[in-house]
Amino acid sequence: MNKTAIEDLIERALQARDFSYSPYSDYRVGAALLTQEGSVYTGCNIENAAYTPTNCAERTAFFKAVSEGKRAFCAIAIAGGPAGAPIEQYAWPCGVCRQVMMEFCEPDAFEVIVAKSKNEYQVKKLSELLPNGFGPANLSV
Ligand code: THU
């Protein structure tokens, strides 16, 4: 992806972060998922008083997209950090979210962008974050 496309996707993730519902951790995450058609699905983390039903920002974005018929993706931008402070660390996706990416994305092509701001980010392929991942190909689907 080119620099402008990356920056635009980060901007969408930062905007989605504003909707984070995270009263228990105060850790706010936003994500923006780019489809191969060029549309963007955003997501935020959604916590729960019972804790375990909490959904990560990345999975919110994926489930919104898949529930609307999208299954081909290019990249996801993620921005997360404690509420009320500048983002000082990259919010790398958790293992469960990496596994959800593995279900729908080509590991050597799908790009995971983690951002502190529009200008400070890192890009990695899913295969770098989940080497030797188990996916649909293992079940010949
Ligand atoms: N969280 C995400 O949204 N994405 C991740 O990949 C890691 C963690 C959320 C879940 C929870 O609401 C908060 O961050 C603290 O774990």
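**Notes on the ligand site and its surroundings**

1. An oxygen atom of the ligand is 2.5 Å from an N or O atom in the side chain of Glu47. The protein covers 77% of the 370 Å² of accessible area that the ligand has on its own (Shrake-Rupley method, 1.4 Å probe; for residues, only the protein chains shown count as cover).

2. A word on the basis of these notes. This is a predicted model, where local features need pLDDT of at least 70 and side-chain atom pairs count only at pLDDT 80 or more, while totals for chains, interfaces and linings use all residues. Residues are numbered from 1 along each chain as its sequence is written, and side-chain values use heavy atoms, with hydrogens and water left out.

3. Which residues are around the ligand? They are Ser25, Tyr27, Val29, Asn45, Glu47, Thr54, Cys56, Ala57, Glu58, Trp92, Pro93 and Cys94 (a heavy atom within 4 Å of the molecule).

4. Helix 2 deserves a look, as Ala57 and Glu58 are among its buried residues. Seven of its 10 residues are buried, so helix 2 is largely enclosed by the rest of the structure (buried is under 20% relative accessible area, exposed over 50%, partly exposed in between, with a 1.4 Å probe and protein chains only). The buried residues of helix 2 pack against strand 1 (27-35), strand 2, strand 3 (73-82) and helix 3 (95-104); contact here means heavy atoms within 4.5 Å. Helices (H or I, at least four residues) and strands (E, at least two) are DSSP runs, numbered from the N terminus.

5. Is Asn55 buried or exposed? Asn55 is buried, at a relative accessible area of 17%. Its side chain makes a polar contact of 3.4 Å with that of Arg59 (N or O atoms within 3.5 Å; within protein, one must be able to donate a hydrogen and the other to accept it, and residues adjacent in sequence count only if both atoms are side-chain atoms). Leaving out residues up to four places away in sequence, Asn55 touches Cys44, Asn45, Ile46, Thr60 and Phe63.

6. The loop between strand 2 and helix 2 also holds Tyr51, a non-glycine residue with a positive phi of about 65°. Tyr51 is exposed, at 58% relative accessibility. Asn132, in the segment after helix 4 (126-129), likewise has a positive phi, about 55°, without being a glycine, and is exposed at 80%.

7. On the cysteines: the structure holds zero disulfides (a disulfide being a pair of cysteine sulfur atoms within 2.5 Å). Cys94 is partly exposed, at 31% relative accessibility.

8. Finally, the overall fold. The protein chain has four helices and five strands, in the order α-β-β-α-β-α-β-β-α from the N terminus. Of the 141 residues, 43% count as buried. Among contacts between residues at least 6 apart in sequence, 61% join residues at least 24 apart.
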